[in-house]
Amino acid sequence: MIPNAQVRICKGKIVKKNNINPDLYGEVERLGARDMEACMQCGNCASACPLSTGENTFPRKIYRYLQLGLKDKLLESPEPWLCYYCGECNIDCPRGAEPAETMMAARRWLTTEYDWTGLARRFYLSEKWEFGALGAVSLFVILLFTFFHGPVITDRVAVNSFAPVMWVEIGDLTMAAILSFFLLSNAFRMYRLVMNGTKVPLHLYVTEGRTFVQHFLTQRRWGQCGEDKSRWLKHLVLVSGYLTMMTLVIVFIRWFQVDDSSWHFSAIFGYYATAVLLIVTVEMFRSRIEKQEKIHRFSHPSDWLFLTLLFFTTLTGIIMHLVRLIGWPMGTYVIYVIHLAIAVPMLVVEVPFGKWSHLFYRPLAVFLTTVKEKAQRKSEVDPAVLLKETGETFQSCMQCGACAGICPQGEVVSYSPRKIIRNIAMGTSSNVSVDDASWTCATCNSCVEQCPRGIGILDLIKSVRRQIVDAGNLPGYFKAPVKSLKDNANPWGGQKASRLDWVGNAKLPEYAREHEYCLFTCCATAFDTSAGKSNQTAGIAFLRLLEHAGVSYGTLGNRESCCGDMADKIGTAGLASDLAAKNTEMFLEAGVSKILTTSPHCLNSFRKNYEGLKNIAAVHSTELLDQLVREGRIKPANRLDLKVTYHDPCYLGRHLSIYDAPRRILKSIPGVTLFEMQNDRERSFCCGGGGGGPWKDSSGGESLGEIRIREALDTGAGIIATACPYCMRTLNESIAKLGVANRIKVCDVAELLLRSVDPSDK
Amino acid sequence: MSERIGFFICHCGINIAYRVRVAEVAAYAATFPGVAVSRDYLFMCSDPGQDLIEKEVKNHDLTRVVVASCSPRMHENTFRAACQRAGLNPYRAFHMVCVREHGSWVTESEDEATAKAIAIVRAGLMRVTNQSALTPSRFSVNPNTLVVGGGIAGMEAALNIAKSGNKVYLVERQPTVGGHMLQYDKTFPTLDCAACIGTPKMVAVGQDKNVHLMTNAEVESVSGFVGNFKVTVNQHARYVKSNCTGCGDCAKACPIEAPNEWDVQTKTRKAIYISFPQAVPVRYAIDKKDRAPCVQTCPAGINIQGFVTLIRVGKYREALNLIMEKMPLPGSLGRVCPAPCEGKCRRQEADAPLLISKLKRFAADMVDWSTLPLPEIEKKPESEKVAILGAGPAGLSAAYFLARKGYHPTIFDKSPQAGGVLRYGIPDYRLPPAVLDQEIDYIKRLGVDIQLGVTIGRERPVGGLFDEGFRAVFLAAGAPKNIRLNIENEDAEGVIAGIDYLNFLNLRMDVKTGQKVVIVGGGDVAIDASREALRQGASEVKIVYRRSRSEMPAVKSEILAAEEEGIKIELLVTPVAVLTEGGKVAGLRCLRNELGEPDQSGRRRPVPVAGSEFTIECDMIIPAIGQQVSSKFLEGTEGIAMTRRGTVAADPVTYQTSAPGIFAGGDVFTGPSNAVQAVAAGQQAAVSIEKYLQGEELAEKRPGRPTGTNWKGIPKDLKPIARAKMPVLPVAQRIHNYNEVELGLSEEQARTEASRCVACGSCCECKLCVGQCKAGAIDHEMKDVKETIEVGSIIVATGFDPMNPAKMTQYGYGKYRNVFTNIEFERLSNATGPTSGKLLKRDMKDPLKFTEAPKSVAILHCIGSRDKNYHEYCSRTCCMYGLKYAHLLKDKCGHDTEVYNFYIDMRCFGKGYEEFYKKVQSEGVKMIRGKAGSITEDRNGILTVKGEDTLSNRLIEVKVEMVILCTAMEPRPDAQDVMRKFGIGIGQDGFFQEEHPKLAPVSTPTNGIFLAGGCQGPKDIPDTVAQAKGAAAECLALSSAGEVEIPPMISYIDPDICVGCQLCLGLCAYSAIEFNANAGISVVNSAVCKGCGSCSGACPSGAAKVRHFTDKQIFAEIDGLLLN
């Protein structure tokens, strides 16, 4: 049994985890859905549909949601309301299914879901409830008149004495207000569901308001549905009659409900509306019985009920009118009460909770869809540029979705590299589907490792971002770090001159040619002072160990610029290459033979992005420490008695395949028990710190770091060791957010090693 | 000895035991009467399991064994063998009960399963004691094999068998082997060219001495049984003998073009053709359908399609020769023939029939008759003389054909000039005498002696001609006597019979023509007389006819011409009296008619209207209501029977009269008819006379008239061309003279008109090819030959057909020029195709023209496959060839060509397929996951394909210049026939059904008949080849075994009971029952019978029984089931 959907809210969007709802189809099936098992998702129906357009394709999509039980997707779909049931979809259906009927059922289901009172569901699914409710309201009306009617005048027809028009008007308006409240509140829920966090400029709601009114009054869209325009015209006439009658009853009741046969021009409208209601309902009965039109081949009980109520309301209205004209007082009063005893329950049950609610939902769906469409802009991404920059591998994407399946971001937000690739390949990119989406990526490289076609998804994301940046659309949150990189050669806003301030009183000699290593400080170590300067602590621990082991090293200090990893990953390519050029020149000038760094990001840049450093080795701190321990130059002697788990930084692990060195170091420490998290080594779960992570909007919702900390806690470890300044920062932030500082701490591998070597540093 | 039954039940691992409480069943069986031992075992089919049975048989001296386990399909033979090893007759002793498929697998609970197992075990135990001993029969196996279908499957299977040294008959319906594979260009995923890997196979089957290749041949019937099949193969006439060198000179000469089937109508071929350059055998074939309806209709049997075609290509003399093979008077008949052929012309299905008679005249007019060479004639001795009475069309024709055969005919005619009715009955403005003269001169040049002014009759009787040395006589004296009106004053001055009037004028005699002339009648004579009267100076000419216009027998164009000239026609009028004034005609009293019920002739009978009498004022009346035979020439001759109508009685086929050696034809035999009928009669009489002179049976071996309606299809998009309009002299220039009214078609007109011919018969038998063939390989008279071959096994490899997607109207195939099917695209891509391998768009106007490479193409998968409305199955190959097309487009049309593949799922399951998919994707092909729903075409021919990309939830519309529909593979339309012929089965999908989808994928229910390739289901080339090799292995297994064992559970008919009603004969699906007429009973051929039991179920007398399924056995089983 697949567990039910867990729906979480994150950043204002509904985020779904494991969102299969096996009961969904059964629910919709009870409302009339058919042939879910038959559908093979070929999409023929959608292309046959005269109304299916752009991203609002149907009915296939609805079948998909039903087949998989994607309740949340169905809830946010406006498509059922965009279908008017011409039935074209089933003509060429290769599996002989009845998609239009399923769309109909989906509308019924949505009606029950929009309704917060739960009454709609009960009415649709239980005849007892439906008839019970109708009967109750009916009884209420009858009792109301039984006990509160006005004087019964029998020598002439005096409806206004029997039911004073003022009171009737008050009743009318009260009912209208209550019904409107329910309908509008349900419609608001629909709005929330359909928009699902989509950001739309406010002015669009205003300017597109006419769409709503237009579709409300004319149902214009239906006119484009199928060859046969007569269905639409029939409906339009019915609507005109209905609206006229509603207006007469609610606004013009004083002129509508009269005792004598005095003439008022509103009578013309009354006759018109009555005639229309009668003729069209009878006509609709006929076609439902004859089943000639596709739409009428299957009828749900609610369809019959709706027509029956409307018919009898009209009929009693006519009888009442006739009896009044004949001048039969008692008859008039009785029929009057009967008329209301049908009309009121019809309105109360059907308008907010039943089939009638479509009068609001349909135009609202058209309105919201239009607004959403208008809010979309063209993407900045040019597939040709992409092809040039990343090669043709992305074209061979077979849309398997493994990337989305492995992507850690999928745990917290709706994000799929597959979709980005799809939209680019098909030339259907928009600012939302590609441009905005691309910033979610934390460049952890999981997708690249997973891709069965070996597509360089990360390169693709970088190219996308680069094109967005080139078009001048760098996200606001990156403006400050980029400026800092330009001005100070670090993204943290620190002064270049104070790059070595973090060292404090520890020893960090200036690099000289005789030194074996040139230690390159990561900007994060130098300037990121978050979480109690944990990065500096880690850095100093490393320096101590170097000193302890007598390693020959020095630094170029203030001459260093940022390695450019972040600039590269966020698409500021020019900046990244400038930084790389500066550093390359610096290293070459100084005659460096081996670069030593504590940050996997810097290491990755030197090894992979620095064309000019081909002949200069770059070594990570853990690699060196591992070597020193193995050579015996560092002897972890002190027992620490710690439960430790190791978090593989994405850039050290997946990007550079360094998994064992840090683990060997930890294992060499006496008393350290190493626990592995559920996701370790190649499957390490990204902390979210890469690709500009620290600067991105992180308002609301769970973060990747939090999930990682939870994983660490699950191991029972008290220490989460790592070997990357970005991981240090993000994990520390997450611990703070989770409020588990008392249970777990983040430590650099070097810190732990140092403790074992030098007890004074505890 | 009482029966001792052993019962054994199998657990089948847990397959049975998980539901059936096996031990309980065994315990139950143990209590059953007669059961000596009851055992259960984990795997009864295992060696220890079988040992157990054998041991228990011996230990307990068992006489019967019942095993309850899986289906007998699986292990019945296993246990039978065990029983046999234990010394029992397995058919008598052993019975198998199925408690797995019928028990554990299909029941819900343990209790139910156990109860059911007990019931069916009981039934088995009851049955087994009623079984009798049976012995299977053995037959030897003919080592030869028949392979039906010369596609890659058939070729591969044939070559495999040939390698073993056995003989293979490879029968292919088409003129070449190769099949669909050779139509393709490249093959996925390796992209090697289909021809490069396919033609070696073709060459091999053509050359292997063990392969007897029969192309253009079809299997007609199959009889016999495994190891001993007798197959009748119909070798269709190819019309080209095996000494054809394939030089192609014939095709260059052939004037007929037809769509090339091999190129799926994307280009044309000639009627004599070779499918493609590498065809095997490299031997041309003639595409000859049934003779065209015009040819079938022409009384003289003229090869109309042939001469029309020759006119189209400007070969007028050849055209004339072709006409003159059947008819000596083309110029004359070209002018006066009523042309029944035109009424049958199929061109009128598109617009209007061809103007055939005038084309004939055109051919005659284009030739200088004086220099027209005579055919080479082998002259017979002078004594072979034939007398012919009458120099009219019948007489001339008979003389002509006899002369061509070398005989010496003499025509006697009393008139001063030859020609008969053609000369004396038809006015000169219709048929100028010079035309007739040149044709008669030609006949004379052939050696015909025409003696004019000679009267045969009382003075010189017909019978006497024999004494003069003539060995046969042909009576062709015509019907020169007019029929009288039988009204008052008919003999008044000024009344002259129509036939006489024309006769006198043609004899240049002085006939006084009145001013106001009334002609009575509606036939050609009436019309001719009216127009003559006009030319003779009448100021007012009127025709009265008793029926309506549509009933007038005259040639329609003549009626119109007469009216043009100012002649009035009064319809529905009957003359009742001639009014006279002083003995001379003064008027004609008439009655008006209305049309009543149809009479015997099918025409509505005129009924006089009372009181409608009126008078037409006139001074001359020409009755022309018909003619009759004058029997004067028979005076003095005895023994020639006449009919009641006054015509000479003769055989309608041989034209032999009641007197031997005397023949009659033309009007004298038929009564008044037309000239072409007379020519036909002369032609047939000549045949009879020759036979008579040779002493042969007259009615036998006469050249038959062609029949049949299997004609070439008329293209749907045939462009209408107006029927030629005969130029005529303007009325003013013709009514006062005898200049020929119809001027004849111009050369351009004639050739255009000839080009309208739709070539119903495909080959038109113009025989231009015969003259071109240096090897002398062409034989137009070739006939189908039936050959019976004996084989031991048969492989059916009849292939598949690509579905025609025209019925899927949403894709506009057939309507939009640039929507192609996969096969069309293959041909485009193929070097021997219409574009020599270039991928080009079709011209918007001309479907056979290809213009430029498309810049964008959509490839639509699953067209007709995976579709409930067409075929529910997946065609398995489309995904891959769709990718192949994408690659070829990128390769041949340039990398910037946009290619979209609309697919439902990509099924790239074979070796190297997935890699190919990736490669093609990397080339930038757009893969849209969703079935395309529709195609629309705009004015410029740009196609919009609409579909949903379900992966991005987006409706996609792409504009492309070309669409390729990857159509379903479907069973051949005649699969049902093939099924019946070979006694194999057809599955739900319409393909031939294999015996078991996994364990017997190439076998059929008929032993010795195997399947290979696309006829069994959609598959690609590797699978097809593998299956072909599998089928070949099955055949070789049969032949190396040398003999087959036929199971003994078959029907027999008790001869003592059978009443010979023969009901069973029709029911037997295997034709295993024969009727022994001597004994009056039906007999089962035990080698063919499959023991299906149809006969036994239906036999009213109960004579037909199935051994091992006797009533006793079945009732015992039922008793067992119903016990308790």
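## Domains of chain A

Chain A is assigned domain 1 (6-114), domain 2 (124-370), domain 3 (383-472), domain 4 (477-628) and domain 5 (635-761); the bounds come from an automatic or database domain assignment. This is a predicted model, in which local features need pLDDT of at least 70 and side-chain atom pairs count only at pLDDT 80 or more, while totals for chains, interfaces and linings use all residues. Residues are numbered from 1 along each chain as its sequence is written, and chains are lettered from A and ligands numbered from 1 in the order in which they are written.

## Domain 1 against domain 2

Between the C-alpha centres of domain 1 and domain 2 of chain A there are 29 Å. In contact here are 26 residues of domain 1 of chain A and 27 residues of domain 2 of chain A (contact: C-beta atoms, placed from the backbone, within 7 Å).

On the domain 1 side, β2 (13-17), α5 (79-82) and α6 (99-114) of chain A each supply at least two residues. Helices (H or I, at least four residues) and strands (E, at least two) are DSSP runs, numbered from the N terminus. The largest share of this side, seven residues, belongs to α6(A). By class, the side holds 13 nonpolar, six polar and seven charged residues. Nonpolar means Ala, Val, Leu, Ile, Met, Phe, Trp, Tyr, Cys and Pro; charged means Asp, Glu, Lys and Arg; the others, Gly among them, are polar.

## Chain A against chain B

The contact between the chains involves 32 residues from chain A and 28 residues from chain B. On the chain A side, two or more residues come from each of α2 (44-48), α3 (60-68) and α22 (417-426) of chain A. α22(A) gives the largest share, five residues. This side of chain A consists of eight nonpolar, 15 polar and nine charged residues.

Definitions and conventions
Contact = placed C-beta atoms within 7 Å.
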